[in-house]
Amino acid sequence: MITRSGWGALVATAVLLASWPMLRYPELLGLGVTGLVVLAGGALWLLARPRVRVARRIEPSRVAQGGEAHGVLTVTNVGSRRCPPFVAVEAVAGQRVRVTVPSLAAGASREIDYPLPTDRRGVHPVGPLTVGHSDPLGLFRAANTYPSPTRLWVYPRVHPMAPLPTGRFPDLDGRTSAFAPAGGVAFHSLREYARGDDLRLIHWPSTARTGTLMIRHNVVPHEPRMLVLLDTSAAPYTDESFESAVRVAVSLAVAAFEGGHPVQARTTGGALASAERGASGRGALLDLFAEAGRRDDDPGLAAISGLDTAQDGAALAIVTGTPRQAALHAVGPTLRRFPAASVAFLGAHAGGPAPAVPGAFTVAAATSADFATVWNRTVR
């Protein structure tokens, strides 16, 4: 394929050759012939295009925003002669990364390491990888494109934050259920004795009344759970304030998880990730917020009324932008189900008081860093 420089050289050569019969300057003929030789040489150079096999991997494939991630190209010359140097171009997160590959002997292989951009949060397809070869003057260029199924996960930046306030259960021992693990200290119910039960748990008054051995069924009470809900509707945000909201939401979720609490992260668009205490669920939380994006058809805060009743008793944190006051008033009745609730506003409310939300503690800030400062000072 002829390049822009090649077209310029071709036009100039044609003009020089066409003007020689009229002007009869031998210099014009010499320059025109030189142009033809150069163009012919460039075209012939492409015949020596590299015959290579290219494989690429990402190390690591998941990285925090602004962290280091590298692509590693393994290039093998599968031709029968030395291949010339060439340039590979990688498309990542809307940017083009150029990788220079040196000349390789026949059958030789080489690994080339190159940095990948990680300044934008998201799940970014890496590639396709384009291997290009051009003549030394850049007049002609040939390229082969290699499909690329690889993805780079760039996690949002996490700010150090105090965990969410948990609130309190009405029961001193915490809420219980028949599905809770047995063997705890919280009384749930009476049941018939089963072989192997601790005889010290026999409930003698009920045994005397029924004529059957009855035992106290003690369970491990429900632990305070954290629910972080990110508003992913488009209306309350600018591009910048949405990124701040994502950083706040992931920071609250990670703070709760590292504080030893079970965490559930949700978006108003329906995405869901859970992390249980003692399990390696932190990655699931980060994945959810790496993928988060705002949409026009997202219900926004109206989705809070549809939260399943199993979330009753969880501490709730809502992260949003600058929603309309009517949407905030609609949230109030739903918050009564939660022993503790907070609402984070990112964007235009900065510098003034946070909007009032009945039944919730509210914080407003311009950026995620400002929010972390205010939140930590207030919660602690």
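The paragraphs below go through a predicted model, taking strands, salt bridges, aromatic rings and a surface patch in turn.

Strand β1, which covers residues 52–59, has a covered face made of Val52, Val54, Arg56 and Ile58. Its uncovered face carries Arg53, Ala55, Arg57 and Glu59. The partner of β1 is strand β3 (residues 70–77); the two run antiparallel and are joined by eight bridges. Within this pairing, Arg57 of the uncovered face stands opposite Val72 in β3.

Next come the charged side chains. How many salt bridges does the structure hold? There are 10 salt bridges. In one of them, Asp287 meets Arg62, with 3.2 Å from N to O. This pair links distant parts of the chain, since Asp287 sits in helix α5 (residues 282–291) and Arg62 in strand β2 (residues 62–64), 225 residues apart. Asp287 has a relative accessible area of 18% and is therefore buried, because the cut-off for buried is under 20%. Arg62, at 35% relative accessibility, counts as partly exposed. Arg62 also has a second contact to note: Arg62 lies over the face of Trp153, at 4.2 Å from the ring centre.

Another salt bridge joins Asp239 and Arg294, at 2.4 Å from N to O. Asp239 belongs to helix α4 (residues 239–258) and Arg294 to the loop between α5 and β15, so the bridge ties together parts that are 55 residues apart in sequence. Asp239 is exposed, with a relative accessible area of 57%, whereas Arg294 is partly exposed at 29%. Salt bridges that share partners also form a network, which consists of Arg57, Glu59 and Glu111.

Arg200 is exposed at 74% relative accessibility, and Asp198 is partly exposed at 30%.

The aromatic rings come next. A pair of aromatic rings is described by the distance of the centres and the angle of the planes. A search of the whole structure finds three such pairs. In one, the rings of Phe361 and Trp375 have centres 5.9 Å apart and planes at 45°, so the pair is tilted. Phe361 lies in strand β17 (residues 361–365) and Trp375 in helix α7 (residues 368–379), so this contact ties together parts that are 14 residues apart in sequence. Phe361 is partly exposed, at 32% relative accessibility, while Trp375 is buried, at 1%.

Trp375 also pairs with Phe371, and this pair is stacked, with 5.7 Å between the centres and 20° between the planes. Both residues lie in helix α7, four residues apart, which is about one turn of the helix. Phe371 is buried, as is Trp375.

The C-alpha atoms of Ala364 and Phe345 are 4.5 Å apart, although the residues are separated by 19 positions along the chain.

The last stop is the surface. Which residues make the nonpolar surface patch of about 410 Å²? The patch is made by Tyr193, Leu199, Trp204 and Leu213. Trp204 is in helix α3 (residues 204–210) and counts as exposed, at 56% relative accessibility.

How values were computed: Residues numbered from 1 in each chain as written. Predicted model: local features only at pLDDT ≥ 70, side-chain atom pairs only at ≥ 80, totals over all residues. Heavy atoms only, no water. Patch = residues over 30% accessible without salt bridge, like charges linked within 9 Å, V, L, I, M, F, W, Y side chains within 5 Å. Areas by Shrake-Rupley, 256 points an atom, 1.4 Å probe, with all protein chains shown as cover. Salt bridge = Lys/Arg side-chain N within 4 Å of Asp/Glu carboxyl O. Buried < 20%, exposed > 50% of the residue type's maximum accessible area, 1.4 Å probe, protein only. Phe/Tyr/Trp six-rings, centres within 6.5 Å; stacked < 30°, edge-to-face > 60°. Lys NZ or Arg CZ within 6 Å of the ring centre and 35° of its normal. Pairing = 2+ DSSP bridges.
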